[in-house]
Amino acid sequence: MHAERFADPADPAGSAAHVLRRLEETPLREEPFPHLVVPDALPADLYARAVAHWPSFEALALLQMDSLPRRYQTLLGDRNLRDMKPEAAAVWREVRDSLFGPETLARLAPRFPALAAKLATPVGRRPAMVYARLVEDHAGHAMLPHTDVFGTFLSMLLYMPADGRRPDLGTALYRPCDPAFTADIGRSTERFPREDFELAGTAPFLPNHLLAYAPSDRSFHGVEPVEAPCTRRFLLLFAVMDSRGP
């Protein structure tokens, strides 16, 4: 997987500033773990351009690094963007860099204790590595409760449905049946039995809505099974610790 180090936004008064403002002014939800559900996350015109440039199904792939069923993806690293048509590449670069810029972690740290704790470590003070991809899930896709890799500073999902008719297709947020249960940070890719969790809520799958959270040992989330025909389109972004040597 290829990661990018992001430069300062070209227009700090534009799209990136809009995203930062929306992240800061949206109320934090504490249950079942701290998270934000941000309506109107991108400026409306940028979101409309992104929807119009969603890649064709033929441009998506079942990535070898991911064994999840019925999940098709394309990466948004600089190398991948160079392979797109210029107009599409410009749109997705603006979306990607607007969602995460040089100020994002510092501005959100006061809201997320797990993020603040990671930033306080020597590794956490390095610039973040950022992975972004476009994801399209089809009927039959499901994901058991998990927490994301513990070395992740921030996880973001920008939902991009065609309309708002299926809010139930959003990310499931889980609460362990055992209130004392936490994930082992050394096994943070582990997926847990669904019967050991109750569904505490669902981040609504609505246009231009962003789910953002700082992974912790209690940030259990997943995808509930859906049998009816459906398509879930969203942008997935992880800001990750750079732990590659001294």
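Of the 246 residues in the chain, 51% are buried, where buried means under 20% relative accessible area, exposed over 50% and partly exposed in between, with a 1.4 Å probe and protein chains only. The model is predicted, and local features need pLDDT of at least 70, side-chain atom pairs count only at pLDDT 80 or more, and totals for chains, interfaces and linings use all residues. Residues are numbered from 1 along each chain as its sequence is written, and side-chain values use heavy atoms, with hydrogens and water left out.

The chain holds 6 helices and 10 strands; helices (H or I, at least four residues) and strands (E, at least two) are DSSP runs, numbered from the N terminus. Contact means heavy atoms within 4.5 Å. Of the contacts between residues at least 6 apart in sequence, 85% join residues at least 24 apart.

Helix α4 covers residues 86-99, and its 14 residues should span 20 Å at 1.5 Å a residue, which agrees with the 20 Å between its end C-alpha atoms. The expected span is 1.5 Å times one less than the number of residues. Among the buried residues of α4 are Trp92, Val95 and Leu99.

A nonpolar core is a set of buried Ala, Val, Leu, Ile, Met, Phe, Trp, Tyr and Cys residues joined through side-chain atoms within 4.5 Å. The largest one has 41 residues, and those with the most contacts inside it are Leu23, Trp92, Val95, Leu99, Leu158 and Leu235. Helix α4 gives the most to this core, with 5 residues. Apart from neighbours within four places in sequence, Val95 is in contact with Leu42, Leu46, Ala50, Leu158 and Leu235.

**Helices α1 and α4**

The axes of α1 (residues 15-25) and α4 come within 8 Å and cross at roughly 40 degrees. Axes are lines fitted to C-alpha atoms, for helices over the stretch in contact, and angles run from 0 to 180 degrees between N-to-C directions. Ser15, Ala16 and Val19 of α1 make the contact with Glu94, Ser98 and Leu99 of α4.

Two residues other than glycine are listed below.

A cis peptide bond joins Glu31 and Pro32, with omega about 0 degrees.
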